[in-house]
Amino acid sequence: MSGTFVGMPAFPEAAREAVRDTTLRGNLRHATHTIRAKRAKAVAEVEDWAELREAGKRIKDHTLRHLDRYLEQVEAAVTAAGGVVHWAADAEEANRIVTDLVKATGESEVVKVKSMATQEIGLNEALEAAGVRAYETDLAELIVQLGKDRPSHILVPAIHRNRGEIREIFTREMSEWGRPAPEGLTDTPAELAEAARLHLREKFLRAKVGVSGANFVVAETGTLVVVESEGNGRMCLTLPETLISVVGIEKIVPTWRDLEVFLQTLPRSSTAERMNPYTSTWTGTTDGDGPRVFHLVLLDNGRTDTLADEVGRQALRCIRCSACLNVCPVYERAGGHAYGSVYPGPIGAILSPQLRGTDSEIDASLPYASSLCGACYEVCPVAIDIPEVLVHLRERVVQGGPATRAGNRVVLRPAKGHAAERAAMRAAQWAFTRPGVLRAGQRMASRTRRFHPRTLPGPGRAWSAGRDLPRVPAEPFRDWWQRTRGGKDGAAE
Ligand code: SF4
């Protein structure tokens, strides 16, 4: 069973552990910088990217505004095509529905396509408790499952593992779950991929039940869409006799024409590909082709509450591309586990507190897990203004009272070995929490501005050589405000 996020500490506490891990920081830095550079190149190829982004935003907003109508349309279309639609208000109900459906087939194992919705509800754990073993078939998910680990990235759940660690996990764990790793397995990508392929192949051919999520559901025909890169999804969606798909209610797009927009923006934003290697679509059941039984479980689990929030609802536009994770300076340093959710990074910081509420320490702290630099908004293919939602949620947390006390301050400490950085942060923290000292320091800095060096001395010389140090103004902002506005609204003090 994979580890769960139950009882996670607040983000600052969890992040503090992560930023001390210099190997993890190195792995994350390398991976996120590589993906973000490729994405930027792939996006720059498309002349009408801004229009596509705007179209995606509008399609999602329109769908969310009329979600009741489109959900009914989906139910009617899927039913007419031979599928069975189930409605799940929360994780517990969804898990019960899926477990009962699997039990009814008489099977004790299922193969799974990578799915955020099933991770969100903890389906694997619920199936395990009911005596059903779920096999993850996406390569990164397989690494996470075999390593009894937790995912740390939406698209690359094992981004925190390097090749040596993966080889060790395969060698140690594969025999517990089925076909063992080949003798003398090395850490070359081709050998690791081949080991996973051989291990999974027997499961694809044996399993009678497949479980998936969906990237999109096309309302006009009741068609589900899964995009992926490895082909494992295609195997899970076509070989089993029974297919059960758990899908968040926000995944709907009205028409195939609308889908076309996202099939252009999603691959470039996520894997920096022009199109996905595998795009699978299915509508109910088809005689002599694919699964004979199809169940669609439509999942709410906090989504209608999110929809009711005028500012926060834009988080439901998310198409899970993970571009915002790859550009986020906080994610790059803290890693995915600190977010205490299957949704890490900037989108996790606004989605988890809305889906789960802000009562727990971790959820109350997530809106503060950001520097508000805005890089996430810049890259988002559906233009979710994540900084706006973060500020909005901070307001909600502050108004939430004592239950949310743990989240009001984020103190990210730099890793060991950065003594100067650590000392600077401590000094800043000391000054910023003493308004009188800060004010006196600002006045002193203004008066002595003519004597300020343009480069830093000692170890700071290299840092300042490539940067222009900002000039200190002749008069501090607070004094200027006091002088020109007379401190009428108290802002100067
Ligand atoms: S918030 Fe935007 S950038 Fe982040 S995963 Fe969702 S769609 Fe992608």
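Predicted model: local features only at pLDDT ≥ 70, side-chain atom pairs only at ≥ 80, totals over all residues.
The protein contains 23 helices and 10 strands. Its radius of gyration is 25 Å, close to the 23 Å that the globule rule gives for 493 residues, so the protein is as compact as a globular protein of that length. Along the principal axes, the C-alpha trace spans about 85 × 55 × 50 Å. Of the contacts between residues at least 6 apart in sequence, 74% join residues at least 24 apart.

The protein is divided into two domains, whose bounds are listed below, and the C-alpha centres of domain 1 and domain 2 lie 44 Å apart.

| Domain | Residues |
|---|---|
| Domain 1 | residues 1–433 |
| Domain 2 | residues 436–489 |

Helix α21 covers residues 435–447, and at 1.5 Å a residue its 13 residues should span 18 Å, which agrees with the 18 Å that separates its end C-alpha atoms. The buried residues of α21 are Leu438, Arg439 and Ser446; because they cover an arc of only 100° around the axis, these residues lie on the same side of α21. On the face of α21 turned away from that buried side are the exposed residues Met444 and Arg447.

How values were computed
Residues numbered from 1 in each chain as written. Heavy atoms only, no water. Helix = DSSP H or I, 4+ residues; strand = E, 2+ residues; numbered from the N terminus. Expected span 1.5 Å × (residues − 1). Buried < 20%, exposed > 50% of the residue type's maximum accessible area, 1.4 Å probe, protein only. Arc of directions from axis to C-beta. Domains from an automatic or database assignment. Rg over C-alpha atoms; globule rule 2.2 N^0.38 Å. Contact = heavy atoms within 4.5 Å.
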